[in-house]
Amino acid sequence: FMMVTPGKGLAFQRRRTSGGLSTHTSGGSGTAPYWVKLTRRGQTVTAYSSTNGTTWRTVGEDTLATSGTVLVGLAVGSHVARTAANATFSNVAVR
């Protein structure tokens, strides 16, 4: 997960193993709109952030226990109990 949050900035969050504990790497301060990107080469996943979609800064990299099909998607959450959140995504690509 490479995320942009209104209160906690940018973060790379992942589980190294299925059902394992979540690992967090701060990407520093920032609020939407922001560009985020994940790349996968074999089992290595790298997270990036950008203010313009052209110049990318590496937030973190990790080796994840993946095999076979990997599902991708977009998510939004409020991090506040019983509070809905809305987001607009643009320029989305899966390659």
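Guide: The following account describes that sheet strand by strand and then turns briefly to a second one. The model is predicted, so local features need pLDDT of at least 70 and side-chain atom pairs count only at pLDDT 80 or more, while totals for chains, interfaces and linings use all residues. Residues are numbered from 1 along each chain as its sequence is written, and side-chain values use heavy atoms, with hydrogens and water left out.

The sheet is open and consists of three strands in the order β1-β2-β3, with antiparallel pairing. Strands here are DSSP runs (E, at least two residues), numbered from the N terminus, and two of them pair if DSSP finds at least two bridges between them. β1 (2-5) and β3 (22-28) are the edges; each has a single partner strand, so one side of each is left without a neighbour in the sheet. On average, neighbouring strands are turned by 30° against each other, direction ignored; the axes are lines fitted to C-alpha atoms, and angles run from 0 to 180 degrees between N-to-C directions.

Between β1 and β2 (residues 9-15), which run antiparallel, there are four bridges. Among the residues involved, Met3 has Ala11 of β2 as its bridge partner, and Met2 stands opposite Phe12 in β2. A hairpin of three residues connects β1 to β2.

Another open sheet has three strands in the order β4-β5-β6, also paired antiparallel. Its edge strands, β4 (35-41) and β6 (57-63), each pair on one side only, and the twist averages 15° from one strand to the next. Seven bridges link β4 to β5 (residues 44-50); Leu38 has Ala47 in β5 as its bridge partner.
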